[in-house]
Amino acid sequence: MISLDKIYHAKYILKQVIRETDVIHAPKINTESNIWLKTENLQITGSFKVRGAYYKMSCLSDEEKAKGVIACSAGNHAQGVALAAARNGIKSVICLPDGAPISKVEATKSYGAEVCLVKGVYDDAYAEALRQRDEYGYTFIHPFDDENVIAGQGTIGLELIEQIPDMDAVIVPIGGGGLISGVAFAIKSLNPNIKVYGVQAAGAPSMFNSIRDNQIETLESVSTIADGIAVKEPGENTFKLISEYVDDIVTVTDDEISAAILALMEQQKLVTEGAGAVPVAAAMFNKVPVKGKKVVCLLSGGNIDVTILSRVIKRGLLMTGRNSTLNIELIDKPGQLMDVSKIIADLGGNVISIHHERANEGSAVNGCYLRIVLETRNYEHIEQIKNALKSNGFKITND
């Protein structure tokens with residue numbers, strides 16, 4: 001199905017098209033290990049997807065190229081297919097659900113594709129893509145379950161072996177499984193001692209469940225900020241390859257993903273989408289055994305929707321103890337607010353907002369409540385402030 005020769009051939013074909021992305025040292029991600037980042041978020045089109053799409057198209061016959069290609073995606077695969085088709089002089093049609101973000105629709109058009117908006121959700125767009133394939137003779141470019149697509153993604157494994165030959169492990173996102181299948185096959189074929197770990201979002205654990213139960217399983221629904229890996233059902237080819245070549249699969253929560261996106265922005269000046277940040281989340285929160293190891297996190301993409309970025313940052317701040325809300329019960333008398341403010345200021349906390357209201361029915365007549373939102377350094381800092389307030393006689397009601 002897939003061979004090392006095919007992946008090397010893909011590397012040769014892609015050499016003039018894609019960027020060999022850098023590997024960057026990131027010592028602060030997990031101070032107990034030696035973390036490196038493979039920056040596919042800086043790839044052309046903003047993700048690794050162009051590798052598999054381009055190689056797949058290079059393998060088409062002249063007749064297939066003349067008829068054109070079709071794909072279905074609301075994200076990175078669409079842009080990868082569109083650019084790869086344009087570079088190969090092939091007509092491309094991308095079916096998108098009509099609720100897809102405007103930014104992604106426009107980005108797909110900008111790479112030269114004909115966009116077909118389909119009423120409904122992804123499954124409706126997928127069905128329409130297959131209908132048009134059958135009617136017009138297009139070649140369907142599958143986002144992950146295709147041996148040539150997998151071979152194209154596997155070129156990342158070859159690059160990593162050259163860039164960091166002494167790595168102990170690589171952590172890779174999993175949606176449908178095309179990326180990790182190619183990377184794991186390439187790496188294990190060249191050095192079986194390197195561990196390959198997969199990561200899924202806790203709200204979309206289709207491959208995690210399937211590998212655990214040793215059979216392909218379909219989720220009823222998915223819910224995660226990592227929309228690029230929100231896949232309900234793994235592929236047959238990818239399931240087999242992952243079963244054989246991947247050492248373990250773990251999951252991370254949306255809060256952990258948000259914290260990873262924030263850490264990458266602050267520490268490394270790198271913007272990643274949710275799917276691209278899941279390996280970093282796994283390393284940050286010790287979901288895989290990284291302590292004392294040289295580990296590469298594969299940042300699969302950087303196409304985060306800017307409209308949700310602020311919400312993700314807020315969740316990341318909360319997750320890492322950089323933002324906190326305190327509810328304090330006070331006696332309604334002069335000087336109380338000043339005393340609370342002084343304690344917080346002396347300990348280096350920064351008050352962002354404050355809400356003061358008199359007590360409700362059932363509480364002390366001369367009581368009142370103070371709700372304060374703070375900027376803090378970490379969870380230890382929050383506890384330090386809470387303890388100082390308590391030792392000065394203030395009662396915290398949300399402890």
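Guide: This is a predicted model. Start with C95, which is buried at a relative accessible area of 0%. The closest cysteine sulfur to that of C95 belongs to C116, 4.3 Å away. A disulfide needs its two sulfur atoms within 2.5 Å, so the sulfurs of C95 and C116 are too far apart for a bond. Overall, the count of disulfides is zero. C72 is in no disulfide either: its nearest cysteine sulfur, that of C95, is 6.2 Å away. C72 is buried too, with a relative accessible area of 1%.

Now S92. This residue lies in strand β4, which covers residues 92-97. S92 counts as buried, at 3% relative accessibility. Beyond its neighbours within four places in sequence, S92 is in contact with V69, A82, A85, G112, A113 and E114.

Last, the second largest pocket. Its volume is about 290 Å³. The lining of this pocket has 13 residues. Those nearest the centre are A259, A263, Q267, M284 and T320. Helix α11, residues 254-268, gives the most to this lining, with five residues. By type, the lining holds eight nonpolar, two polar and three charged residues.

How values were computed
Residues numbered from 1 in each chain as written. Predicted model: local features only at pLDDT ≥ 70, side-chain atom pairs only at ≥ 80, totals over all residues. Heavy atoms only, no water. 1 Å grid on protein atoms, 1.4 Å probe; cavity = no way out; pocket = protein on both sides within 12 Å on 5 of 7 lines; lining within 4 Å. Points joined across faces, edges and corners; volume = space filled by probe spheres on them. Helix = DSSP H or I, 4+ residues; strand = E, 2+ residues; numbered from the N terminus. Nonpolar A, V, L, I, M, F, W, Y, C, P; charged D, E, K, R; others polar. Buried < 20%, exposed > 50% of the residue type's maximum accessible area, 1.4 Å probe, protein only. Contact = heavy atoms within 4.5 Å.
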